[in-house]
Amino acid sequence: MAQHDYINRKPKNSKGGKNTPPKKPFPTFLALAALLLIGGFSYGLWYIKHNATTVKVDITTQPVKKEPEKLQKPVIKPFLEEIKEHEVKVEVKEIKSKGPYQMQCGSFRTHPQAEAMKAKMAFAGLIAEIRRTEGSNGVWYRVRLGPYDTLRQAESDKNRLKRIKIVGCGIWGWT
């Protein structure tokens with residue numbers, strides 16, 4: 001490799017090596033537009049000053065006192081009287097409850113797992129029960145809550161469980 005002599009090397013430009021950006025041209029169009037706007041504004045002010053009509057304002061020393069208006073009783077229209085005497089008849093249908101509800105929040109193979117879920121629910125203030133069921137695929141321990149009289153009560157407890165991060169609970173009719 002060839003060696004370069006950087007010490008004796010002269011800078012490319014004559015100002016000591018610093019590159020200065022080229023000067024921008026004077027914005028003649030913007031300056032002309034600004035002068036026209038200022039001239040037009042000052043002409044407008046001069047025109048208003050010399051051509052405005054003067055109006056004499058009569059200044060009174062004492063303010064005029066207004067007499068308070070007398071309040072009049074509102075006139076009740078005949079249709080308002082009819083409305084007051086009218087009765088509205090509404091049919092009230094009784095909402096039939098579909099029966100008690102239960103909520104199942106887990107089904108586990110071992111009893112200790114079901115007990116752990118029941119303990120989490122107890123911290124939320126809910127009392128759960130564990131049911132042991134035997135099926136064709138073995139023994140399961142189900143964690144259930146209920147009975148609830150209405151679906152709304154069951155949904156309320158389900159939302160309480162969601163706040164403590166127990167999700168996936170299902171609500172069914174009580175069997």
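These are my notebook entries on a predicted model of one protein chain.

**Ground rules.** I number residues from 1 along each chain as its sequence is written, and I leave out hydrogens and water, since side-chain values use heavy atoms. In this predicted model, local features need pLDDT of at least 70 and side-chain atom pairs count only at pLDDT 80 or more, while totals for chains, interfaces and linings use all residues.

**Entry 1: the chain as a whole.** I looked up the helices and strands, which are DSSP runs numbered from the N terminus (helices are H or I with at least four residues, strands are E with at least two). Along the sequence I read the pattern α-α-β-α-β-β-α-β.

I then looked up burial, where buried means under 20% relative accessible area, exposed over 50%, and partly exposed in between (1.4 Å probe, protein chains only). Of the 175 residues, 15% are buried.

For contacts I took heavy atoms within 4.5 Å. Among contacts with a separation of 6 or more, 66% come from residues 24 or more positions apart.

Entry 2: In what order do the strands of the open sheet stand? I found 2-3-1-4, with antiparallel pairing. Two strands pair if DSSP finds at least two bridges between them. Strand 2 (129–135) and strand 4 are at the edges with a single partner strand each, so one side of each has no neighbour in the sheet. The twist from one strand to the next averages 40°.

I next checked strand 1 against strand 3 (residues 138–148), and they pair in the antiparallel sense over six bridges. Serine 107 stands opposite arginine 142 of strand 3.

**Entry 3: helices on the sheet.** For angles I used axes, which are lines fitted to C-alpha atoms (for helices over the stretch in contact), with angles from 0 to 180 degrees between N-to-C directions. Helix 3 (residues 111–123) lies across strand 1, strand 2 and strand 3, and runs at about 20° to strand 3. Helix 4 also packs on the sheet, where it touches strand 1, strand 3 and strand 4. The direction of helix 4 makes about 35° with that of strand 1.

**Entry 4: the disulfide.** I searched for pairs of cysteine sulfur atoms within 2.5 Å, which is what a disulfide means here. The count is one. Which cysteines does the disulfide join? I found cysteine 105 and cysteine 169, with S to S 2.1 Å. Cysteine 105 lies in strand 1 (residues 101–108) and cysteine 169 in the loop between helix 4 (151–163) and strand 4 (170–173), so the pair ties together parts 64 residues apart in sequence. The link of cysteine 105 and cysteine 169 is right-handed, with 115° about the S-S bond. Cysteine 105 and cysteine 169 are both buried.
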